[in-house]
Amino acid sequence: MIDRSLLRALITSAALAAGALLAGCNSDEVSLATNAKANQPVPPKLVAEMAEKDMDLQSPILTRLFKEEAELEVWKQTRSGRFALLKTYPICRWSGDLGPKVREGDRQAPEGFYAISPAQMNPQSAYYLSFNTGYPNAYDKSLGHTGSELMVHGDCSSRGCYAMTDEQIAEIYSLGRESFFGGQRSFQFQAYPFRMTALNMAKHRNNPNMAFWKMIKEGYDHFEVTRQEPKVDFCEKKYVFDAVKPPDAKRDPVFDASAKCPVYVIPDELAQAVREKQEQDNAEFAKLVAKGTPVARLNTGIDGGMNKVFASKLPNGSTGLSEGGEGQNLSLLAVSRAPGTIPPTVNPPHGPVTSPDEPLVASMTPAAAPVSTAPAPSTRVASAAPSAPSDEGFFSNLARKVGFGASADTTATTQPVAAKPKVIEAKKASKPETSKPDVRQAAARPPLKPSVSDAQAPTVAAATPAGKDGAVAGSAPIVQPNSFDNRFSAFK
């Protein structure tokens, strides 16, 4: 008897194949489907962890990212219907300051809620593999915020993006790919300045972005108490989470980010659970402020951050704005293995500035490019710079043909977590968001990387050599029977 996950995969495969036929079997597009990097299997170790956690390989995923901790989490739906944490990935590099992106060129990495559809997956990224965050979403656009091609990608290099190692992005990409094969139309990407705890909110209580952070914390709290993907809407230039029609209404509310909010309600059980959590958070926040919890320093010229596991591998490495940057002892981590290959040209965050008149001192590897000594631009001045158009790739056309790509935007109230939140059942809904994939040609680099889970990766070193037929030595075959290559072999 064929189980449900396999049946979903077969249905999705048929839909994808039909989309390829409708697309006219363009040879350039089909070549994307047979891209070996994009077909790397989920590492066996991670598949085993899924089995231990009662997860299916192709069940839906959800991602959360935290700048200050420099971590990206991948959550996966269990057979209970709730999401559980599968794996946490240290972020190799992010740029800008804590706070949302506002304008094109401000070097800020986005914060907020975004939906990643198949059209946003980019197997031919210039940075090994990538997916587009979908910035700007409807909320960002309602405020006139601008920016384009804000990615999560490899290469450990960031100018407004979130950069992982190539091995990490290969693994994350494979998890997203499998969720689409399982029938998920989009997965949610939640980006935060830090974990939304009472302590972190107290440390940053004087930050000018606090009103925005309280707003997106509402969605954070919804996920914490339900372990379900929060439904995201926008109205009156704000986020709304898990809104449903009132009991006496005949139709669902229609939301417009720039218009007045329609009449809606939050399910009673969900609203009560969130309220209880927020009351606990507020009480803990008040205690921390009353006892004089120090306020975090505002950015004094440091451009972004880096997880300490990566900073420890670099000469004079700094975590920048990420946790552990002040008084850190990175030498203790220097003997640990980095989760992937750190390029020799990596440019770590600037060193801290002790006074406004003192120039920044860049710390980098000998082969790194020079670091600008100019402070990062203000992130609170919006401009109307238009986003440059980009060509559509295989995922974009294919998703549009079968109904994945034409998607609506889904992508900032109180202070955080002291006690274990109440867990309840809640309805789950998501709306995918379409954005331009990065279609730049891949730089000359080895075609494949070993998995993060299984590879004994070097620190700052050249890329790992590939084995016979492009496969990484010691790894599983690159193209499995359940792969893009197999599904589209008829169109070669």
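The model is predicted: local features need pLDDT of at least 70, side-chain atom pairs count only at pLDDT 80 or more, and totals for chains, interfaces and linings use all residues. Residues are numbered from 1 along each chain as its sequence is written, and side-chain values use heavy atoms, with hydrogens and water left out.

**First stop: a sheet**

Select the strands β3, β2, β1, β10 and β5, which in this order form an open sheet of five strands with mixed pairing. Helices (H or I, at least four residues) and strands (E, at least two) are DSSP runs, numbered from the N terminus; two strands pair if DSSP finds at least two bridges between them. β3 (83-90) and β5 (112-116) each have a single partner strand and stand at the edges, so one side of each is left without a neighbour in the sheet. From one strand to the next, the twist averages 20 degrees; axes are lines fitted to C-alpha atoms, for helices over the stretch in contact, and angles run from 0 to 180 degrees between N-to-C directions.

Next, select residues 71-77, strand β2, which pairs with β3 in the antiparallel sense over seven bridges. Leucine 72 stands opposite tyrosine 89 in β3.

**Second stop: a salt bridge**

Show the side chains of arginine 195 and glutamate 73, which meet in a salt bridge (2.7 Å, N to O). Arginine 195 is in the loop between β10 and α6 (198-203) and glutamate 73 is in strand β2, 122 residues apart. A salt bridge is a side-chain nitrogen of Lys or Arg within 4 Å of a carboxyl oxygen of Asp or Glu, and the count by this rule comes to 17.

Select helix α7 (residues 210-226) and helix α8 (residues 268-290), which pack at an angle of about 110 degrees with their axes 9 Å apart. The contact (heavy atoms within 4.5 Å) includes Lys217 and His222 of α7 and Leu270 and Gln278 of α8.

In β9, tyrosine 162 is the bridge partner of tryptophan 94.
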